[in-house]
Amino acid sequence: MIVHLLKPEFEELIEAKDWVTLKDILNDVPAVDVAELLEEFDAEISIVIFRLLKKQKAADVFSYLSSGKGLELLNMFTAQQLSEVMSNLEPDERVALMEELPGHLTQRVMSSMKTADRKLVQQLLGYPDESVGRLMTPRYVKVKKHWTIQKAMEHIRNFGHSVETVNVIYVVDENEHLIDDLRLNQLILADPEAQIETLMDESFEALSAFDDQEDAVKMLSKYDRVAMPVVDSDGILVGIVTVDDVIDVAEEETTEDMQLMAGMDALDDYYSQTSVFEMVKKRIGWLAFLFIGQLFTTTAMGAYESVIANAVFLSLFIPMIISSGGNSGSQAATLIIRALSTDDIDMNEWLKVLGRELLSGLMLGGIMAVIGFFVILGWGYMINDAFTQELVLSAMVVGLSLIGVVLWGNLSGSMLPFVLSKMGLDPAVTSAPFVSTLSDVTGIIIYFSIAIALLEGVVL
């Protein structure tokens, strides 16, 4: 909202070349809003606005920019600007930037960094892709257990301004192994002459630098922390992960899962930053696959061509039958995928899930069967003004078919995530369109099999 209010004023100041007033206003606007404002302007105007920012704020604004806009500005930075921005970014922000840079910019950006910063970035980039090591920052406050509270507080005052958070203080031994973590308020309320070890209970939770970034999201959420320590394979404290970092990861993972479940490859960037060509490339694979999958539905219907020819009215209910199975399967798949991603259930509980979905499928199918039976009876009575044997049997066919297709949709939608996970695939690819296509084919078979069984000798 603030961006839409500021943009006209900024445009007027830029047109009048009133840089002094513009600079004063920029200093009062939060960095995240300045970044959002830059997204609205073309590159030439954006770089002018960016040059008016103070060094630290410029780095903060840059960290909030989309990758597309960030790369656009990087190409226009002078060597001095590039060096200032890189030196003021947090280490994890530099790593995130390096992961997205095209080859021709990588060397230029690395060369703009100070030697110590460059070595740190190279060290963090040495961890696997999507690992906690790529996400962490090595800027934190650590103390020794034999220090007094007063000495620890002096240490925090001296070095706390250069770290990402001082809410949690980490205790390490002489070999830098993590042995405890303490809340800042514990130190504030403690006796200044007491030693750190009097506050310790040696109970803490830590992440491994080699853990997946999703583990960081789950751990900070589970233990309700603003930051969590990261250790290497030897238990040595190497960094911390903060909640603002994992929020971005959680958003990316949720977005990716939603896109996969929609039946497309996950986008590499924001929708607004993705070209139409790239969008088509991401969507066409699954779209073509699902189209071909529908050929099985056509084949299934072709197998019952003679049945349809003798009882044309059966074809009227096909969309209702197969959509119910697809909807049931999509619901089940979504529930199970989300439960797996939040660790509400694990891969070994598939049998328990099978039992639950079998029961719920029968209950849902039974309810839908009753609804379908009476809807068909009512619809037929409105047309024929009578309850004929053919109408009652047709209503029974629809009702029993709904039980079958809803039950099958529930079972297939809930079990496919487990099957795909066992195959090493992302469960989110058990998308709603995929489940719907599978349910369409089986729905046709279930529907016409029941129709033949009940209407043989009556209509067929």
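**Patch, rings and sheet**

Modeller: Val276, Val280, Ile284 and Leu287 make a nonpolar surface patch of about 400 Å². It's a predicted model: local features need pLDDT of at least 70, side-chain atom pairs 80 or more, while totals for chains, interfaces and linings use all residues. Residues are numbered from 1 along each chain, and side-chain values use heavy atoms, without hydrogens and water.

Biologist: What makes a patch?
Modeller: Its residues have over 30% relative accessible area and no salt bridge; nonpolar side chains are joined within 5 Å, like charges within 9 Å.

Biologist: Why does Leu287 count as exposed?
Modeller: Exposed means over 50% relative accessible area, buried under 20%, partly exposed in between (1.4 Å probe, protein chains only). Leu287 has 55%, so it's exposed.

Biologist: And Tyr170, buried or exposed?
Modeller: Its relative accessible area is 1%, so Tyr170 is buried. Tyr140, at 15%, counts as buried too.

Biologist: Why is the pair of Tyr140 and Tyr170 called edge-to-face?
Modeller: Rings of Phe, Tyr and Trp (its six-membered ring) pair if their centres lie within 6.5 Å; planes under 30 degrees apart are stacked, over 60 edge-to-face, the rest tilted. Here the centres are 6.3 Å apart and the planes at 90 degrees, so the pair is edge-to-face.

Biologist: How do β2 and β3 pair?
Modeller: Strands pair if DSSP finds at least two bridges between them. Strand β2 (residues 168–172) and β3 have five bridges, in the antiparallel sense.

Technical notes:
Accessible areas come from the Shrake-Rupley method with a 1.4 Å probe; for residues, only the protein chains shown count as cover. A salt bridge is a side-chain nitrogen of Lys or Arg within 4 Å of a carboxyl oxygen of Asp or Glu. Helices (H or I, at least four residues) and strands (E, at least two) are DSSP runs, numbered from the N terminus.
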